[in-house]
Amino acid sequence: VTELRIWASRLGALFHRGRRERELREELRLHLEMQVEDNLQQGMSPEEARFDAMRKFGPIEQVKEEYRDRRGVPVIENGLRDLRHSTRVLRRAPGFTLVAIATLAVGIGAGTSVFSVVNAVLLSSLAVPNPQDLRVLQWTGTEGRIPSLAEQAVVSGPRVSAYSFPYPLFTSLRDAAQNVADVFGFIPIDGVAVRARGDVFAADGVMVSDNFFEGLGVQPVLGRLPAASGGDHGATSVVITHEWWERLFAREPGVLGQAIILNGSAFEVIGVLPSSFAGVLPGERREFYVSTSSRPQFFREPFQTFTSNRHWWVRLMARLRPGSRDAALVARLTAAFAAQAGEFLKDPEVLVLPGRAGLGVDREHYARPLLLMLVAVGLVMLVACANLAGLAMARGAARQHELAVRVAIGAGRWPLVRQALVESLLLALSGGSLGLLLAIWGRTAISRLLAGSENGLHYDLSLDLRVLAFSLALALVTALLAGLLPALRAGQLDPLDALQSRGARGKRQVRIGKALIVAQVGLSLVLLAGAGLYLRSLAHLRGLDPGFRTDDILTFEVNPASVGYQDAQITAFIERLQDALATVPGVESASFVQYPLLDDKRWSVGFAVPGHDLGPPAEVRTHRLLVGERFFETMGIPLVSGRAFRTDDTVDSPKVAVVNEAFVRKYLPGQNPLGQVVKIFGVDWQVVGISRDAKYENVKTRVPETVYNSFRQYPIRVRSAFVVRTAVLPLALSDAVRKAVAAIDPAIPVVHLASQTRLRDANISRERLLASLCGALAGLSWLLSCIGVHGLMAYQVARRGHEIAIRMAIGAKAREIAGGIVRDALLLSLFGIGLGIPVVLAMSRLLESQLFGVKPHDPATLALAIAALLAVALLGGWVPARRAARVSPLTALRIE
Amino acid sequence: MAARRDKSDVLHGTLGLMVLRTLETLGPLHGYGIARRIEQISEDALALNQGTLYPALLRLEQQGFISSRWGASTNNRRARFYSITRAGQRRIATEASEWERAAAIVSRFLGAIEEGS
């Protein structure tokens with residue numbers, strides 16, 4: 001009971017602290033006064049009386065401290081007091097505080113931005129129950145001869161692997177896995193023409209097996225989802241995403257039963273997915289889900305895509321049944337796979353990979369740049385920590401007198417250490433909160449840069465708990481790193497030493513401060529060199545010549561096949577659109593092209609030239625592209641000899657081809673290619689023209705051997721694109737292009753409208769992101785180093801004011817004094833640079849795979865980085881040096 | 001820091017009792033008065049820093065053995081006067097008997113040792 005009483009009283013004491021503190025002071029003062037009076041009465045001299053009173057009382061500060069410890073709850077009280085004190089101290093040094101908070105805000109903001117993208121792209125799971133039970137299936141084998149594969153297979157050594165399976169194989173695998181796992185499949189379908197509520201546009205969707213949603217464990221927010229057990233799940237029903245429900249149907253519950261026209265056929269909306277479900281292809285915007293039973297609506301042509309094992313295009317995932325093991329699943333799947341895939345692969349095998357996050361290729365694509373960015377952010381944070389620690393130390397030295405007095409009158413050391421830590425914590429938390437605000441903007445910027453488009457990556461970048469925890473941890477670690485040194489120094493303070501002669505003061509501070517500067521310069525060198533490599537690499541990529549013009553070119557895609565056009569109709573549509581585009585004001589020239597160049601799409605085929613032995617058939621391959629008559633003219637690709645395509649090159653006339661110089665160089669060197677025949681899939685194409693080299697799928701890759709054919713001589717089944725050369729800004733013609741298409745058929749949506757420049761930029765978006773982010777971070781750390789060097793040198797000058805004054809008084813020249821200071825700064829920088837160089841050399845190797853046109857050990861880059869850091873020394877040392885040079889011996893000595 | 005607390009706790013046992021006894025005999029007193037009284041009684045044998053009295057007073061007040069109020073001192077200065085409470089008086093009774101018992105045991109031991117030697 002007594003204990004309770006004590007605690008109640010202690011908690012009560014947390015209030016009216018000011019009054020209680022006054023009362024304590026008053027009480028003790030009175031005590032001493034009375035003692036002094038008594039002493040005086042006993043005949044002591046006033047001085048003696050006061051001294052005796054003090055002696056009898058003992059260490060007054062210690063008594064107060066003990067009294068306070070007992071009075072309230074020390075943890076809370078001290079915390080509050082430290083906080084108040086820190087706020088006061090920081091407010092008294094606004095320059096330092098602003099720099100510190102800004103530094104931390106930028107550092108933590110950058111860190112949080114990068115981490116929120118890392119979190120979304122690399123760490124997050126699908127929003128379904130027990131995502132850890134999900135698996136992604138991948139096949140692998142050797143000597144792959146897949147007739148049609150819907151993705152780019154990964155080749156490593158003799159092994160080929162990919163994620164797409166033929167549909168009949170999917171059903172076999174599903175049956176084989178029974179009792180161990182539910183295997184479900186899906187097929188991404190791109191560029192579907194959508195008509196909903198009067199809008200016509202194109203969208204991407206997914207065709208899913210009937211057990212898809214059951215396997216994932218997704219529940220609809222509205223309506224129902226197709227289910228394996230559901231009996232008639234309608235060939236004409238569609239499930240839409242929450243986003244579509246909001247955007248197209250304003251979240252009306254009446255959406256169920258309404259019709260959406262997909263590729264010309266009506267589909268009934270039967271369910272709405274929850275907003276948390278972003279699909280199984282992370283990063284891809286896919287808005288609707290239809291069942292595999294709806295196939296006729298999407299694939300009019302007699303592709304035997306669901307009955308033949310020749311078309312590999314179904315992606316598979318599985319949900320492991322409780323208690324089942326991966327090994328059991330692998331064994332069953334591989335057995336079933338091997339039984340049917342032998343025709344296409346040797347050593348066929350099925351791999352079972354973690355499927356927690358769905359089937360994301362992005363993950364691999366972005367993992368390295370994102371992790372590198374995190375490393376860069378980490379380096380900057382280290383620089384910031386060293387910088388803050390340095391500033392705090394210099395400030396600590398300035399406050400040493402105050403601290404020494406506090407120790408001398410009996411303040412404990414722990415409170416001093418605590419005080420220093422609280423100060424740095426306060427800074428870190430203020431910086432951190434500002435940083436979070438910056439991150440809200442930063443993550444969108446990073447996402448846009450990564451995606452290379454205004455829309456950004458299709459990821460949920462909300463600042464979730466994990467991100468918040470990360471930035472809090474970042475702030476705390478920073479506080480600790482930056483606060484520890486000054487705190488420890490405060491704890492070791494020797495009052496005698498500190499209160500003694502001014503000259504001896506702060507020598508250790510300077511030593512530690514110098515070490516911190518060296519560390520900052522070293523780290524900055526690493527960042528600057530890295531950023532330099534990226535920037536040079538980017539400059540190289542920017543300067544690459546694609547072999548055609550990218551300015552003033554507008555590209556877009558249409559898919560007449562999606563609304564039911566067949567071979568001849570498609571050709572007719574293309575002809576009409578080409579003619580229509582040519583008459584649009586502002587258009588100089590327009591042409592069909594199978595798909596835009598530099599769009600990461602390619603078509604590679606095997607071929608032969610009769611009468612020539614070009615090598616082993618598997619290696620005789622060329623890129624191929626279907627184009628219109630005015631393609632070369634529009635793109636500005638000159639013909640070296642022969643002719644371009646003509647309108648009279650038709651299905652009925654002899655088949656003709658244009659090849660590029662790279663093709664001639666590799667396959668027909670030293671010969672006249674004109675008149676030669678290129679045999680592709682058993683059809684003879686006679687070479688009638690030779691074109692200059694031009695890049696194909698990506699500006700970063702080399703110019704591939706290319707065979708061009710006219711669209712008129714090849715039936716088109718897939719999407720078609722157009723290139724338009726404009727006399728005005730390309731995108732200014734967007735509406736005119738849409739109108740031209742709508743005038744021919746309003747049901748056909750125009751998609752992927754983009755300028756060729758944007759496509760080209762998208763090729764190097766990752767490099768641009770890395771370069772700009774690294775550049776920004778390196779710039780930041782450079783600036784920090786400047787501040788750090790300046791801070792230390794300024795402190796040195798202030799500390800040595802006396803000495804400088806004496807030296808000047810006995811005849812030293814101002815220039816010598818200033819030179820000495822700048823030399824000090826230069827020496828420190830050189831030291832840091834010397835330490836940084838080996839790190840740079842080791843690190844740049846890691847970047848090698850991401851560099852273009854610049855060697856990882858590029859001496860020019862390193863030299864520039866070093867020059868930048870020597871400039872730091874000059875800049876940071878110059879101002880204090882000038883101040884030192886202007887020291888007037890008289891004033892300086894008088895202050896002493 | 002732990003050492004400091006231990007020492008004061010030991011002191012508190014005896015110091016607290018002395019304070020309570022002083023207040024019981026002399027009535028309400030300010031801190032300096034209590035300190036003077038303790039010095040007189042112990043005849044300055046107790047080399048005690050006067051300052052340690054104040055945390056002890058706080059402790060006793062928190063335990064409810066004494067109470068305090070601000071009033072005017074002899075030469076009309078504002079001072080804090082402490083007085084003993086009923087609980088404090090009971091406390092003296094129990095502590096005194098405990099002390100006596102403890103002292104009796106110790107002296108018996110000392111006697112026994114003398115006899116044995």
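I began with Arg251(A) and Glu246(A), whose side chains meet in a salt bridge at 3.5 Å, N to O. A salt bridge here is a side-chain nitrogen of Lys or Arg within 4 Å of a carboxyl oxygen of Asp or Glu. Arg251(A) is partly exposed at 44% relative accessibility, and Glu246(A) is partly exposed at 40%. For these labels, buried means under 20% relative accessible area, exposed means over 50%, and partly exposed lies in between (1.4 Å probe, protein chains only).

I noted the basis before going on: this is a predicted model, in which local features need pLDDT of at least 70 and side-chain atom pairs count only at pLDDT 80 or more, while totals for chains, interfaces and linings use all residues. Residues are numbered from 1 along each chain as its sequence is written, chains are lettered from A and ligands numbered from 1 in the order in which they are written, and side-chain values use heavy atoms, with hydrogens and water left out.

I looked up the total next: the structure holds 43 salt bridges over all chains.

I then took the pair Arg712(A) and Glu629(A), which form a salt bridge at 2.5 Å, N to O. This pair links distant parts of the chain, 83 residues apart: Arg712(A) is in the loop between strand 23 (706–710) and strand 24 (720–726) of chain A, and Glu629(A) is in the loop between strand 18 (621–627) and helix 19 (631–635) of chain A. Helices (H or I, at least four residues) and strands (E, at least two) are DSSP runs, numbered from the N terminus. Arg712(A) is buried at 6% relative accessibility, and Glu629(A) is buried at 14%.

I also checked Lys700(A), which forms a salt bridge with Glu767(A), with the closest N and O atoms 2.9 Å apart. Lys700(A) lies in the loop between strand 22 (683–691) and strand 23 of chain A and Glu767(A) in helix 23 (residues 765–799) of chain A, so the pair ties together parts that are 67 residues apart in sequence. Lys700(A) is partly exposed at 23%, whereas Glu767(A) is buried at 7%.

I found one network in which salt bridges that share partners join Glu26(A), Arg29(A), Glu33(A), Glu37(A) and Arg77(B).

I turned to helix 2 (residues 17–41) of chain A, which has 25 residues. Helix 2 reaches 36 Å from its first C-alpha to its last, close to the 36 Å expected at 1.5 Å a residue; the expected span is 1.5 Å times one less than the number of residues. Buried residues of helix 2 include Glu21(A), Leu24(A), Leu28(A), His31(A) and Asn39(A). Just after this helix, Gly43(A) takes a positive phi of about 95°.

I looked at one nonpolar surface patch, formed by Leu425(A), Leu429(A), Leu472(A) and Leu476(A), with about 310 Å² of accessible area together. Helix 14 (413–451) and helix 15 (465–492) of chain A are the elements that give two or more residues to this patch. Patches are made of residues with over 30% relative accessible area and no salt bridge, with like charges joined within 9 Å and nonpolar side chains (Val, Leu, Ile, Met, Phe, Trp, Tyr) within 5 Å. Accessible areas come from the Shrake-Rupley method with a 1.4 Å probe; for residues, only the protein chains shown count as cover. Leu476(A), in helix 15 of chain A, is partly exposed at 39%.
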